[in-house]
Structure formats: C-alpha cells, structure tokens
Amino acid sequence: MKIKKRVLQGMRPTGRLHLGNYLGTAKGMVALQEDPDYETYYMVADLHGMTTPFDPKKIYQDALSVVTDYLACGLDPEKSAIFLQSQLADLHTQLAFYFSSVITVARMQHLPTFKEKVKQHPDNITMALLNYPVLMAADILIYKASMVPVGLDQEPHMEVTREIARKMNAEYETDFPEPQSFKTKTRYIPSLLGEGKMSKSVEGSYINLTDDLETIRKKLAQTPTDSGKGETVPTSGGVANLLTFVELFQGQEKRADYEKKYTGSGIRYSELKTGLAEAIYKDLEPIREKRKELEAKPEYVTQVIKAGAVRARILAQKTIDEVKEKMGLKGGL
Ligand code: TRP
C-alpha cells in the first residue's frame, strides 16, 4: 500500500470566513482531502488566538464558526480529521514545552512575525506570543506531518519548525520529519478596495460567504473605478480587481468583453457591478444553504470536532510518549 503524505493545516480562529478564504484556502483544503495521496488533519488554532488580546466570551464560538464555514465549503469529516487545537491543549502545549528547551529566546525575538506583532500590540508582549512559533511547531510535528499548506507569511515559522525537528532528532534521536510548506493551486484574491488582498482585518475589503445580495452590492459599490475608458486596461487597482472577480465568477469571456469595452465604447461600472454581485451571490448559494443546514444542527458540528479530536489524539499521544521517553522522562508512573 502506498504511504499517504500527512497534511496538517492550522486555521486562524477568525469567525466567519470571507470569499478570499474560500477561494484561497478552503477550495485547496477540499482538493487535498479528495486526493488519495494525502491524509488530512485540519485544526482551528484557537490557542494561537490567545497570543494576542482576545475575548473569552467569543473565542469558542468563533472557532466553531470557522469549523461550520469550512464544513459548508466542503470539508468532509469522513475524510479529514477536523478539530480544535484546544481540545488537545494538554498534548500540544506539552510538546511545545519540550521543544522550547531546544530553541533560544533570541531566535524567537528576531522573527519578523514577532516583531510585527510587537508593533501592533506593544503593551501585550506575552510569553504566549513569544512562544507562538514553538506551539506551531508542536501542532505540526505532533502529527509528524510532512506537508503544511500555508501562506508565504508563515515561512519563518516553518523554518523554526524544521530547525526544531533537526535539533530534536540530533539531540534525542527522535524521527521528526522536516515539514515542507505547500502551495495549493489557488489564486490570490484581491481586496474590494483596490489595494492589497482581501482581508478580514481591512473593513470593506471582503465579502462574507453569508452576505446577502444587497450587502454584496453595497460592498462592490465601494470599489474605486475610473471613467471606464482608456488606451490600456489597468493591471492594478480597483478596475483590475473588478476584472479579476468578473473572470472568477463570470468567466474568461465576460472579462474579455469588458476589456474590449474599456478600450472602445467604455464600461458602465454600475452595470458591471450589478451583474458581478449577482454572479457572486449565486456562486455562494450552495455554501449558504449548507451553512443554514449546519446552523440548524449545532450538535452535529460539535460531534464532528469530537470525532476529529479522538482521531488526532491517537497520533498525538503516541508522539508525546515517544518524546518523553527519548528525553529521559519516565512514563506510566
Ligand atoms: N500561524 C498560522 C497562521 O497564522 C496558523 C497556524 C497555527 C498553523 N498552527 C498551525 C498553520 C499549524 C499551519 C500549521 O496562519
């Protein structure tokens, strides 16, 4: 039998997903889960959500909401283990502690991701924040995952993960893989505002998967445009982004149509935006329906993560037992 490659993906516990998450992440996760070469573990990193200020009243609901949205996008609990990191807090944080003994404070302080967070939250530079990459290494290596689908911004954390794997293997003869980041075939989804990417942290830049037609229309109305005419079709900014969305939701031909108009008689953006809003709304319909179904049975979602955590725990416990033994700690006392 062919050995499957194990994939671990951690999702940020951001609450509702937006269109960018769907096209940029969820579709790729579904494709991996359907691929017989891979064994998929999908985890909401809610403990990582505690490394910067968070609301205890919301953290659990937000995590569940992420799970619900991903299920609506097509994650299948029969094929993937889907769970919350906090369900295995005892094992993940335990491994993170062992790992923290092979990596220095200075190494963590110099990471660009850490420096960025220090700038954002100068009064909340906690031990948890400093430890963020070590916990992420534990998330991945506890399952001995070899493939991690993450964005470029996570590369420094992947390097730390590989470094920890190497050090553990050299000092304690463990057999951790050096996991590779993995780019799924998905697209860069631009912001509605004409600059940068679609992001939850930029108000007005995104469309939620559950937005109604009116809301989508209003959001698209904010996208900056021009006179609708020119010698060359813009390759960046609001108009370029609108054309990207036209291509994604209405097809290549429609885009070509608009491009022709741009250099000819001119685009009427009110028409473009109305058509586009309808196309996006329609495309998201199956996801909305599925989400509605899931919302009607919240106990199903908790069942999914319970079963996912049971599967995850089998592997995680095995790794912990091994590491304790190799590091000289006595088990079973
Ligand atoms: N740090 C990741 C992010 O911000 C989330 C994450 C936590 C993660 N643990 C992980 C991603 C393990 C991949 C594997 O996107």
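This is a predicted model: local features need pLDDT of at least 70, side-chain atom pairs count only at pLDDT 80 or more; totals for chains, interfaces and linings use all residues.
Local features were considered at pLDDT of at least 70 and side-chain atom pairs only at pLDDT 80 or more, while totals for chains, interfaces and linings use all residues. Residues are numbered from 1 along each chain as its sequence is written, and side-chain values use heavy atoms, without hydrogens and water.

Helices (H or I, at least four residues) and strands (E, at least two) are DSSP runs numbered from the N terminus. Strand β1 (residues 5-11) is mostly covered, with 5 of its 7 residues buried (under 20% relative accessible area, 1.4 Å probe, protein chains only). It runs parallel to strand β2 (residues 38-44), to which 7 bridges join it; Leu8 has Tyr41 of β2 as its bridge partner. Together with α1, these strands make a right-handed β-α-β unit (clockwise from the first strand over the helix to the second, with the strands pointing away from the viewer).

Helix α12 (residues 269-283) comprises 15 residues and spans 21 Å from its first C-alpha to its last, close to the 21 Å expected at 1.5 Å a residue (1.5 Å times one less than the number of residues). Its buried residues are Tyr269, Leu272, Lys273, Leu276, Ala277, Ala279 and Ile280. They lie on the same side of α12 because they cover an arc of only 165 degrees around the axis, taken from the directions from the helix axis to the C-beta atoms. The elements covering them include α1 (19-34), α9 (213-221), α10 (238-250) and α11 (252-263).

Thr210 is in the loop between β5 (180-181) and α9. Beyond its neighbours within four places in sequence, Thr210 contacts Arg16, Arg288 and Arg291 (heavy atoms within 4.5 Å).

Notes. Buried means under 20% relative accessible area, exposed over 50%, partly exposed in between (1.4 Å probe, protein chains only). Two strands pair if DSSP finds at least two bridges between them.
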